[in-house]
Amino acid sequence: MAWMSWTWPTAVFIILIFAAIAVLTIMDLRSAPVTRKGFLPIPTDRGDRFYIAMLGLLVINLTWWGVTDATPLIGLTLSLIWLGVTMRWG
């Protein structure tokens with residue numbers, strides 16, 4: 001793993017992703033996921049919306065890094081806004 005630069009922001013990001021998956025698992029065990037339609041034309045449940053939000057977060061971050069030389073924190077902020085909107089409205 002010498003090819004990857006493990007920094008504190010990277011570690012926090014990975015820990016938060018695993019924590020979110022653990023929370024989703026606990027939520028699924030306590031109450032069955034409800035399938036509903038949001039702004040997507042397909043019925044989705046909690047896990048589907050989380051997966052779609054993670055893909056959106058990835059696309060926003062990669063696009064931001066590809067088109068600007070600005071700090072990645074701005075891209076991360078936009079990604080978190082996308083995650084919040086997707087999880088709320090999705």
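So, starting from the N terminus, the elements of this chain run α-β-β-α-α, which comes to 3 helices and 2 strands. Those are DSSP runs numbered from the N terminus, helices being H or I with at least four residues and strands E with at least two.

Keep in mind this is a predicted model, where local features need pLDDT of at least 70, side-chain atom pairs count only at pLDDT 80 or more, and totals for chains, interfaces and linings use all residues. Residues are numbered from 1 along each chain as its sequence is written, and side-chain values use heavy atoms, with hydrogens and water left out.

On pLDDT, the predictor's confidence in each residue from 0 to 100, the chain averages 76. Strand β2, residues 43–44, is highest at 86, and helix α3, residues 72–89, is lowest at a mean of 67. Where pLDDT is low, the predicted coordinates should not be read in detail.

Now, what makes up the largest nonpolar core? Leu24, Phe50, Ala53, Met54, Leu57 and Leu83. By core I mean buried Ala, Val, Leu, Ile, Met, Phe, Trp, Tyr and Cys residues joined through side-chain atoms within 4.5 Å; buried is under 20% relative accessible area, using a 1.4 Å probe and protein chains only. Helix α2, residues 46–67, gives the most, with 4 residues.

Also in helix α2 is arginine 49. Arginine 49 is buried but has no salt bridge, meaning a side-chain nitrogen of Lys or Arg within 4 Å of a carboxyl oxygen of Asp or Glu. The nearest side chain of opposite charge, aspartate 45, is 5.9 Å away. Instead, look at threonine 44: the arginine 49 side chain reaches its backbone oxygen at 2.9 Å.

Definitions and conventions. Buried < 20%, exposed > 50% of the residue type's maximum accessible area, 1.4 Å probe, protein only. Lys, Arg positive; Asp, Glu negative; His and termini not counted. Polar contact = N/O pair within 3.5 Å; in protein donor to acceptor, adjacent residues only side chain to side chain.
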